[in-house]
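My entries follow in the order in which I went through them.

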Amino acid sequence: METVIVNMRDGIEEAGMRRAGEILRRGGLVAFPTETVYGLGADALDEEAAGKIYQAKGRPSDNPLIVHIADWDAIEKIAVDIPPEAKLLSDAFWPGPLTMILKRSDAVPLATTGGLDTVAVRLPNHEIARALIRAGGGYVAAPSANTSGRPSPTKAEHVVRDMDGVIDMIIDGGDVRIGIESTIVDLTEGAPTILRPGYVSREMLEKVLGRVEIDRALLAEDENIRPKAPGMRYRHYAPKAPLVIVEGPAQRVRERINALSEENAADGRVTGVIGTDESQGYYRNALVKSIGSRADERSIARHLYGILREFDDSEVSVIYSESFDTPQMGQAIMNRLIKAAGHQIIDVNE
Ligand code: TXA
Ligand code: MG
């Protein structure tokens with residue numbers, strides 16, 4: 001299949017957008033930017049189209065998709081028994097990086113929800129995404145536009161790398177603003193519960209809803225507790241080289257990483273280091289990449305997936321990363337980083 005790549009970095013291009021809408025209405029696949037990561041879209045109400053997403057990504061078919069809408073009113077067609085909390089969250093965070101789990105209406109095929117009676121809904125804060133949703137009929141199922149097992153795409157180049165020749169169209173809207181997938185909150189059972197941490201933190205949700213729970217599988221050290229969001233159960237992206245997080249006071253972290261890099265260099269092995277704008281000058285004997293500035297946690301979130309992809313294109317035999325427990329997004333960032341590291345952490349406090 002030939003994949004058409006349309007450049008909309010400088011704004012929406014009408015002819016390209018019409019064509020993208022037609023592709024979706026005919027049951028095809030279009031990758032598009034959102035504020036979080038690039039999505040791989042299909043008509044959410046078309047069983048066959050949704051099925052194509054799983055094929056293109058190589059994704060297990062019991063892992064449900066998020067349905068993207070462009071207006072609050074669209075929610076009534078796809079969800080039933082919508083609780084008042086949904087409207088409160090919409091008023092506070094939509095359009096934005098928040099996904100709500102609600103009860104599914106019969107309009108949504110089980111292919112879209114991975115067989116579940118619930119449906120995930122999000123109204124993204126991105127002009128191109130909303131224009132595409134409208135052009136495509138109002139309901140776009142979209143997971144992140146990466147091959148299953150790769151980091152989520154934060155630039156069109158990442159999507160091209162994974163999906164060229166496999167899908168109908170890629171809309172290039174430049175780099176995403178946030179870089180980490182949306183916060184998922186379940187409103188179908190008991191107290192509102194976070195199933196996946198993201199830009200919208202627990203504190204931000206609690207200001208609107210009062211008490212909010214966190215799926216205990218996200219906090220547990222015990223890997224046998226099953227997360228409620230099916231996608232959080234799968235083994236996630238692991239870089240080609242082993243990734244190890246080094247945690248503790250900044251100075252000791254740097255010293256430990258330098259000592260490890262020196263040992264590796266003596267053995268003729270190249271070490272990769274994920275540092276920050278503030279720390280990168282301290283590292284020796286390594287291929288050092290800055291993930292962003294500790295003074296701006298959003299820069300750290302934005303560069304996380306891209307940096308992991310870059311290391312896969314280099315010849316490092318191990319990667320050491322600092323830990324990024326930043327105030328608002330720290331939980332979301334570390335959730336992804338710890339998974340990528342397969343829980344390998346060196347604690348230099350001891
Ligand atoms: O920011 C985002 O959410 C991006 C952009 C494209 O919108 N999308 C995204 O989709 O991250 P994906 O498919 O990579 O992740 C969706 C997550 C999975 O962990 C899935 O299991 C969970 O949402 N999910 C979807 N529907 C669900 C449901 N009904 N109940 C529980 N979890 C659900
Ligand atoms: Mg994903």
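The model is a predicted one, in which local features need pLDDT of at least 70 and side-chain atom pairs count only at pLDDT 80 or more, while totals for chains, interfaces and linings use all residues. I note also that residues are numbered from 1 along each chain as its sequence is written, that chains are lettered from A and ligands numbered from 1 in the order in which they are written, and that side-chain values use heavy atoms, with hydrogens and water left out.

The axes of H4 (residues 84-93) and H7 (residues 202-209) come within 10 Å and cross at roughly 120 degrees; axes here are lines fitted to C-alpha atoms, for helices over the stretch in contact, and angles run from 0 to 180 degrees between N-to-C directions. Helices (H or I, at least four residues) and strands (E, at least two) are DSSP runs, numbered from the N terminus. The two helices are therefore oblique to each other, since angles under 35 degrees count as roughly parallel, over 145 as roughly antiparallel, 65 to 115 as roughly perpendicular and the rest as oblique. On the H4 side I listed Glu 85, Leu 88, Leu 89, Ala 92 and Phe 93, which meet Met 204, Leu 205, Val 208 and Leu 209 of H7, contact meaning heavy atoms within 4.5 Å.

H10 passes H11 in a left-handed crossing. Among the residues making the contact are Ile 300, Leu 304 and Leu 308 of H10 and Ile 333 and Leu 337 of H11.

Which order do the strands take in the open sheet? I read E15-E14-E16-E13-E17, 5 strands with parallel pairing, where two strands pair if DSSP finds at least two bridges between them. E15 and E17 are the edge strands, each pairing on one side only. Neighbouring strands are turned by 20 degrees against each other on average, direction ignored. Helix H9 (residues 250-266) packs on this sheet and touches E13, E14, E16 and E17, its direction making about 170 degrees with that of E16. H11 lies across E13, E16 and E17, at about 130 degrees to E13. Between E13 (residues 243-247) and E16 (residues 318-322) I found 4 bridges, and Val 246 has Glu 322 in E16 as its bridge partner.

Most residues other than glycine have a negative phi, and most peptide bonds are trans. The bond from Trp 94 to Pro 95 is cis, with omega near -5 degrees, and Pro 95 sits in the loop between H4 and strand E6 (98-104). Asn 285 has a positive phi, near 55 degrees, and lies in the loop between E14 (271-275) and E15 (287-290). For His 343, phi is near 65 degrees, and its place is the loop between H11 (330-340) and E17 (345-347).

Key
Left-handed = near helix turned anticlockwise from the far one by under 90°.
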